[in-house]
Amino acid sequence: MYYALYVLLAAAVVFVSIKLADYVDLLDKKTKISGAVIGGIMLAAVTSLPELFTSITAVTIVRQPGLVIGNILGSNLFNVAALGLVLLLFIRSFHATAVSRYHLVAVAGTLVMFGLVAAAMFADEPKLGWVSMVSPIMLVVYALFIWKMPKVEESGGAEVESPLTVKQIVVRFVIAAVVLIGASIAITYVSDVVAESLELGKTFAGALLLGLTTSLPEVVSTVALCHKKNFNAAFGNIFGSNMFNFMILVVADVLSFTQGATDVFIWDTQSQWLLIFGAAATLVMLTTYLLKSFVKKPSRIVLPITYGVLNAAALSCYILFIALSLL
């Protein structure tokens, strides 16, 4: 019963997240909000709502902080691996399309965040009450990421005809967001029950059950964007979501007082693997991005093959994590 409920809730999360992304896209076309803000903040935040509310529920209600670190790091690893798979499928279009150099900030910022999480997990650092000293530093890094984001309206966007007014879009956006919150809270409970029935560790359950489910919106939207050859938005969506996910760790850390000063940055075998493979996949994608952005005269043969190898390597990081965890 719980397995079927898990699948139904996962489907609901994906469907509602797609609707939310559609409403955000309509707001992009009907308002003067910067395209960078739409993709890197609004769309990223919308598709990360499942991670946010499942993590809050895991800390404050279910009281399983191990689900949080697994959820966030697992989601980030899955996001980058999924981007590698999608770029692998659309490798010819990716080779022929330019990408903005701004995304270097997001990819580099993600690597910095991985380093800060590693410091919080492995170092016996002082705390501000029950909050890790790393959390405010992560908040500053995210603020710098937002500050460096271009706010000027991007040119070249074509308007889309829609019978909905801006007010109607906002109302439907809010309703869909409420539904998504409810589904996210419910799936946290179900994941905890499924994890116990399968005798999975909390961190691994968070990475596999919650991390996979809550990352599906990013994956679906990324596939759609790459199909439209909008690789700029695809990069922005994935790495904007990953940066936002790290802020969820900060929120969970602040709320962890309900557990009696329980650490959210839990050290265990799965957490180590998630950090290693997540950082490795991000570093691989950074290499892909740098080649794409800075190679002046791309080879029609060598570079596509290089992209293929790198994207396959990013995907392999997630596969290796699952294999090692099961062993």
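Student: How far apart are the end C-alpha atoms of H6, and what should its 20 residues span?
Tutor: This is a predicted model. The end C-alpha atoms of H6 are 29 Å apart. At 1.5 Å a residue, its 20 residues should span 28 Å, so the two values agree.

Student: Which residues of H6 are buried?
Tutor: Among them are His103, Ala106, Val107, Gly109, Thr110, Met113, Phe114 and Val117.

Student: Why would residues three or four places apart point the same way?
Tutor: An α-helix has 3.6 residues a turn, so residues at that spacing point the same way.

Student: At what angle do the axes of H6 and H10 cross?
Tutor: The axes of H6, residues 103-122, and H10, residues 231-255, cross at roughly 25 degrees and come within 9 Å. Angles under 35 degrees count as roughly parallel, so H6 is roughly parallel to H10. The crossing is left-handed.

Student: Which residues of H10 make the contact?
Tutor: On the H10 side, they include Phe235, Phe239, Asn242, Met243 and Phe246. The H6 side includes Met113 and Phe114.

Student: How many residues of that contact are nonpolar, polar or charged?
Tutor: Between H6 and H10, 11 are nonpolar, six are polar and none is charged.

Student: New topic. Is Asn76 buried or exposed?
Tutor: Asn76 lies in helix H4, residues 65-89. Its relative accessible area is 1%. Buried means under 20%, so Asn76 is buried.

Student: What is Asn76 in contact with, leaving aside its neighbours within four places in sequence?
Tutor: Asn76 is in contact with Phe114, Asn242, Asn245 and Phe246. Phe114, Asn242 and Phe246 also take part in the contact of H6 with H10.

Definitions and conventions: Residues are numbered from 1 along each chain as its sequence is written. This is a predicted model: local features need pLDDT of at least 70, side-chain atom pairs count only at pLDDT 80 or more; totals for chains, interfaces and linings use all residues. Side-chain values use heavy atoms; hydrogens and water are left out. Axes are lines fitted to C-alpha atoms, for helices over the stretch in contact, and angles run from 0 to 180 degrees between N-to-C directions. Helices (H or I, at least four residues) and strands (E, at least two) are DSSP runs, numbered from the N terminus. Angles under 35 degrees count as roughly parallel, over 145 as roughly antiparallel, 65 to 115 as roughly perpendicular and the rest as oblique. A crossing is left-handed if the near helix is turned anticlockwise from the far one by less than a right angle, and right-handed if clockwise. Contact means heavy atoms within 4.5 Å. Ala, Val, Leu, Ile, Met, Phe, Trp, Tyr, Cys and Pro count as nonpolar, Asp, Glu, Lys and Arg as charged, and the others, Gly among them, as polar. Buried means under 20% relative accessible area, exposed over 50%, partly exposed in between (1.4 Å probe, protein chains only). The expected span of a helix is 1.5 Å times one less than its number of residues.
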